[in-house]
Amino acid sequence: MPAMSTQPEHRRRRRTQLILTAAAGLATAGALAAALPSAASADEKTGKPGTSRYQDVQLLSFNDFHGNLEPPTSSSARLTEIQPDGSVKTIEGVGGVEYLAGSLRKAREGHPYSITAAAGDLIGASPLISALFHDEPTIEAMNALDLDVTGVGNHEFDEGAAELKRMQNGGCHPKDGCYEEGRTFEGAQFPYLAANVVDEKTGKPMLDPTYVWEKNGVKIGFIGVTLEGTPGIVTADGVKGLKFLDETATINKYARELQKRGVKSIVALIHEGGAPASEAYNYDCDSNGPGSGISGPIKDIATGVTAKVDALVTGHTHAAYACTVPDPEGNPRTVTSAASFGRLYTDTTLTYDRRSGDIVRTSVKSANHVVVRENPASDLTDLIARYKALSAPVENRPIGWIASELAQPKAPDDSPLGNLIADAQLAYAKSVDPSADLALMNPGGVRANLTYASSPAGEGDGVVTYGEAFRVQPFANTVNLVDLTGAQLLTVLQQQVSGANAAAPKILQPSGLTYTLDLTKTGADRIVTDSVRVAGAPLDPAAVYRVAANSFLTGGGDGFTELAKGTNPLVGQDDLMAFETYLAANSTATNPLPAPATDRVNVIK
């Protein structure tokens, strides 16, 4: 691929009419005059008959789709909404790619200048219907809903750089081949941008760093980056041979390059995010001043990204926000995120000045919209049905029974589901090495609740299917064992709340281990040292403990670098297989597995 792509250059572009044909129905000067009075005399100023100086460009965006082709369930299908009286309402049953596509198509009506963009994690940590086929179905779905461009996210690297390039360029999987006779995976019909992901040896971006959307003289440039910390939250094999650069410096570099090419209107697609003060999707994070209601890494990035960039579309934190964070020159600049799983999309109006080629910042408007389950796109419904039929024999197989819904972890507490997974890993570890003492499970590896209610397949309440278990643990990690001294184990516990995890603690879900977490203290001191117990006995700093954890953790992921120093390693079986084995051994239809107690981490608040 060329170093920087434009819309006409990108291979297999189906929607060439967006560039090559004249679009009817430009926004009238009268409509624009309400917002921009000078637009009424635009023909005189541009010298181009029939054109206005100002052109509204619609930017539709979303992020963190994670292969959720089917309508998500449980908490993954919920949003909260602030009502006019200030109360908060829970909205149930939102999302699903057929409804996202329908919503986007409806939103585009009456907008001849419309771009659809995403901010990464379209694939990875996906439900079985997509993951079983290495996320080819999701790429097909993104093609069908007319995605124009996306940045990469950390989960795009779950299967490594070569597999990500296959997602872009197409071709059958190198091991599993093609999944349907007569069909070859064509790859993405939109560019994946990875400006800050470079080859360690050459220093060149592994994919295009930028992309230019162009129509009738209107040019919008895009720069795509993922978080610099991607190597810490992806397996080592997934990022082998790659270097991840600073987000802000990279965006600023390519903004200069775009401007040298005559592209002055620029949008950054950033797979890093923030935390709004409210979880409600329609929360006004500018209510106490521009950007006052948002915190986290994206705010630092936003304040450092050059004023040459006109809007930031972000992701990673699965939060919903449409904020204004002033750029380094004090100009207003929109920063948006559309939650996750296709539950929302963001609609942003960018007013393009044909004379300057730039965006009129004071006219930018942005809001998040709920993807309600109405008016499904029939072609996406058909795509789901096709892959559902292919995956059904695997997905609907019962593997166990539970007595109630099991919730995924939420810091700072341990959780029923996290503890259950840790119990399953310790049981497996003891089956291959009876000296195993304890197990630790990272909270981010538990991707969904384990639902009690029957799925539409009709397996019955409390029945755990392979597909439901897969949604909980989709990463295909192995259960590994390592030796750690008691002193090292204490360091691991302290790394939950210090170092890379100081700002956002990651509380490991334990089995065979208990301790007290004192949130009235700071940093590593939050772990009460003399409270740590292994199998009920006080931790001995000099003793050696056999610790089970998934391969992501034993590789040092999520900031747990001390785990990577473990000795005497043993690589075990797939973590989902360990979970399935545990459910089969400990539950029946008449004696379902009860929720484990959440008494392993004693939290002082």
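Predicted model: local features only at pLDDT ≥ 70, side-chain atom pairs only at ≥ 80, totals over all residues.
I started with Ala548, which sits in strand E29 (residues 544–550).

**Ala548**

Is Ala548 buried or exposed? I looked it up, and Ala548 counts as buried, with a relative accessibility of 0%. The cut-off for that word is under 20%. Then I asked what surrounds this residue. Setting aside neighbours within four places in sequence, I found Ala548 in contact with Gln425, Ala429, Leu438, Ala439, Leu440, Val479, Asn480 and Leu481. I also checked Ala548 against Met441: they are 107 residues apart in sequence, and their C-alpha atoms are 8.7 Å apart in space.

**H11 against H15**

Which residues make the contact? From H11 I noted Leu417, Leu420, Ile421, Asp423, Ala424, Gln425, Ala427 and Tyr428. From H15 I noted Asp575, Ala578, Phe579 and Tyr582. Sorted by class, the H11 and H15 contact has 9 nonpolar, 1 polar and 2 charged residues.

**H4 against H10**

Next helix pair: H4 (residues 97–108) and H10 (residues 378–395). Their axes come within 8 Å and cross at roughly 165°. H4 and H10 are therefore roughly antiparallel to each other, since over 145 degrees counts that way. I logged the crossing of H4 and H10 as right-handed. On the H4 side the contact uses Val97, Glu98, Ala101 and Arg105, and on the H10 side Asp379, Leu380, Thr381 and Ile384. The class tally for H4 with H10 is 4 nonpolar, 1 polar and 3 charged residues.

**Ser130**

I then looked up Ser130, found in helix H5 (residues 128–131). Ser130 is buried, at 0% relative accessibility. Leaving out neighbours within four places in sequence, I get contacts from Ser130 to Gly67, Leu69, Asp135, Glu136, Pro137 and Thr138. I also took the C-alpha separation to Ala367, which is 237 residues from Ser130 along the chain: 29 Å.

**Disulfides**

How many disulfides are there? My search of the whole structure turned up 2. Counting bonded cysteines along the chain, they follow the pattern 1-2, 3-4.

Cys172 and Cys178 form one of them, with sulfur atoms 1.5 Å apart. Cys172 is partly exposed at 30% relative accessibility, and Cys178 is partly exposed too, at 35%.

Cys285 and Cys323 form a disulfide with sulfur atoms 1.8 Å apart. The angle about the S-S bond is -130°, and I wrote the link of Cys285 and Cys323 down as left-handed. What does this pair tie together? Cys285 is in the loop between strand E13 (275–276) and strand E14 (294–295), while Cys323 is in strand E16 (residues 320–324), so the pair joins parts that are 38 residues apart in sequence. Cys285 is buried, with a relative accessible area of 0%, and Cys323 also counts as buried, at 1%.

Terms used
Residues numbered from 1 in each chain as written. Heavy atoms only, no water. Disulfide = S-S within 2.5 Å. Buried < 20%, exposed > 50% of the residue type's maximum accessible area, 1.4 Å probe, protein only. Helix = DSSP H or I, 4+ residues; strand = E, 2+ residues; numbered from the N terminus. Axes fitted to C-alpha atoms, helices over the stretch in contact; angles between N-to-C directions. Parallel < 35°, antiparallel > 145°, perpendicular 65-115°, else oblique. Left-handed = near helix turned anticlockwise from the far one by under 90°. Contact = heavy atoms within 4.5 Å. Nonpolar A, V, L, I, M, F, W, Y, C, P; charged D, E, K, R; others polar.
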